[in-house]
Amino acid sequence: MRTPQVVVVMGVAGTGKTTIGPLLAARLGVPYAEGDDFHPQANIDKMSAGIPLEDADRWPWLEAIGHWAHERAGLGGVVSSSALKRSYRDRLRSVAPGIVFVHLTGDRKLIEDRMSHRQGHFMPTALLDSQFATLQPLEPDERGVAVDVSGGPQEIADRAVKALDALPDIPA
């Protein structure tokens, strides 16, 4: 039997991290943490004003997510985080070395359409271009899977579970 994994659901805004994360957590039988809840208020204020975050803004946020993931090591959990740059994922791994990433990917037009129909979220559609410009997809040496976001949430969660199941076990 596999040790429960700590999964970071990553991707640009609008890919469905907040929708797929809880579905994935439920399927894996582990708790879910909303990555946006780890942002300090200053970050939320910036993004709400349409101002992209700088790396210095992200470090405390990534550290907080990493600490949550570290505390869940061996127990499992799912947390959302854009984790757009390799350096951000490296920061998360420096705190929680065993994490695995589920990169939600999709067509920009589809993602923009989904974002335009969201209610009550602080990330405006105007920042989508900066998100795509910043995105560095998972590299071959990073433990994780890419999952297409076309279709409904249940289909996407199914693809994520299957992709995670196909990952080889980490040697002890």
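**Helix packing and the sheet**

Mentor: Let us begin with the crossing of H3 and H4, which is right-handed, bearing in mind throughout that this is a predicted model.

Trainee: At what angle do the axes of H3 and H4 cross?

Mentor: Two packed helices are described by the angle between their axes and the distance between the axes. For H3 and helix H4, which covers residues 86–95, the axes come within 8 Å. The angle at which the axes of H3 and H4 cross is roughly 35 degrees.

Trainee: How many nonpolar residues does the contact of H3 with H4 have?

Mentor: On the H3 side the residues that meet H4 include Trp 59, Leu 62 and Ile 65, and on the H4 side they include Tyr 88, Leu 92 and Val 95. By class, the contact of H3 with H4 holds 4 polar and 4 charged residues, while its nonpolar residues come to 6.

Trainee: Are H1 and H7 parallel, perpendicular or oblique to each other?

Mentor: H1 packs against helix H7, residues 153–166, with the two axes 9 Å apart and at an angle of about 55 degrees, and H1 passes H7 in a right-handed crossing. Angles of 65 to 115 degrees count as roughly perpendicular and those under 35 degrees as roughly parallel. The orientation of H1 and H7 is therefore oblique.

Trainee: By class, which residues does the contact of H1 with H7 have, and how many are nonpolar?

Mentor: Among the residues of H1 that meet H7 are Ile 20, Leu 23 and Leu 24, and their counterparts in H7 include Ile 156, Val 161 and Leu 164. Arg 27 in H1 and Asp 158 in H7 also take part. By class, this contact of H1 with H7 has 2 charged residues, 2 polar residues and, for the nonpolar class, 10.

Trainee: Which strands stand at the edges of the sheet?

Mentor: The open sheet has 5 strands with parallel pairing, in the order E2-E3-E1-E4-E5. Each edge strand has a single partner strand, so one side of each is left without a neighbour in the sheet, and these strands are E2 (32–33) and E5 (144–148).

Trainee: In E3, which residue is the bridge partner of Tyr 32?

Mentor: E2 and strand E3, residues 77–80, pair in the parallel sense over 2 bridges. In E3, the bridge partner of Tyr 32 is Val 78.

Trainee: What angle does the direction of H3 make with that of E3?

Mentor: Helix H3, residues 55–71, packs on the sheet and touches E1, E2 and E3. The direction of H3 makes an angle with that of E3 of about 170 degrees.

Key
Residues numbered from 1 in each chain as written. Predicted model: local features only at pLDDT ≥ 70, side-chain atom pairs only at ≥ 80, totals over all residues. Heavy atoms only, no water. Pairing = 2+ DSSP bridges. Helix = DSSP H or I, 4+ residues; strand = E, 2+ residues; numbered from the N terminus. Contact = heavy atoms within 4.5 Å. Axes fitted to C-alpha atoms, helices over the stretch in contact; angles between N-to-C directions. Parallel < 35°, antiparallel > 145°, perpendicular 65-115°, else oblique. Left-handed = near helix turned anticlockwise from the far one by under 90°. Nonpolar A, V, L, I, M, F, W, Y, C, P; charged D, E, K, R; others polar.
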